[in-house]
Amino acid sequence: MQQEKKAAGGPGGPQTAGPDVPGGTTARLMEIFNRLYRYFGPRHWWPAETPFEVIVGAILTQNVAWKNVEKAIANLKAAGLLSPEAMARATIEELEPHIRPTGYYRVKAKKLKAFMNYLQERYNGSLEAMFARPLEELRPEVLGVFGIGPETADAILCYAGNYPIMVMDAYTRRVFSRLGFFGPRASYQDMQDFFMAHLPRDNRLYNEYHALIDGLANRICLKKAPACLSCPLAGLCPRIGLEETGKSKSEDSPGTE
């Protein structure tokens, strides 16, 4: 997700590497995590009072800055629509004016209603029942809901459902391609498979790690002219794809992320 969003959670401090794999990949990933954690501290993701608010935010944050989502969340809350029961009763037309700050508000209203229809038809409106399902069964279901792709689905599962699944995004691709772990065009699934193969299955770790990566990319490991001299990973990063000036060789053209 390409903006900073803070929330509850976090592993509560630097982590140990655990069982390593050939080549030391796990140890390297945990060293990166620990350096980022010492630099940024706990990120406290996601800014929400309830799991349902997390879900709404995950859908609304598609292609928009988080500050705009905060406005829409406040609007929905003020209108009494920020609960599964209230949103299930609301029409698309009733939702639209409240989420206008997020852009694409008509299609996002349809996405919210599509999720509500899924929750109502499959789980009688109960998030508790939904999140009682095994991850391997629930994820394909959520991905089948209109307007929900892998990043949104995994944000819902990780941050609202507390499942051990790590969210990927363009920031992850940027940082870890510069670190040399995979190429600049690695797919979402390839990146996720890589992290989850080499890290302990721990929701709190996945939550915090993703938040730290986005903090780094948002503040230091910028798309253009990254502040490499200020980076807590400076001693570990080979800066693949970057010239000595700090400007990326491959990021001059728009639309690369």
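Buried means under 20% relative accessible area, exposed means over 50%, and partly exposed is what falls in between (1.4 Å probe, protein chains only). Leu-222 and Arg-174 are 48 residues apart in sequence, with their C-alpha atoms 8.7 Å apart in space.

A quick word on the model: it is predicted, so local features need pLDDT of at least 70 and side-chain atom pairs count only at pLDDT 80 or more, while totals for chains, interfaces and linings use all residues. Residues are numbered from 1 along each chain as its sequence is written, and side-chain values use heavy atoms, leaving out hydrogens and water.

Now the charged pairs. A salt bridge here is a side-chain nitrogen of Lys or Arg within 4 Å of a carboxyl oxygen of Asp or Glu, and the count comes to eight. Here are some of them:

| Pair | N to O distance |
|---|---|
| Lys-77 and Glu-49 | 3.5 Å |
| Lys-77 and Glu-53 | 3.6 Å |
| Arg-133 and Glu-137 | 2.8 Å |

Lys-77 sits in helix α3 (residues 66-78) and Glu-49 in the loop between α1 (25-40) and α2 (51-60), so their pair ties together parts 28 residues apart in sequence. Helices are DSSP runs (H or I, at least four residues), numbered from the N terminus. Glu-49 is exposed at 65% relative accessibility, Lys-77 is partly exposed at 37%, and Glu-53 is buried at 8%.

Terms used: Helix = DSSP H or I, 4+ residues; strand = E, 2+ residues; numbered from the N terminus.
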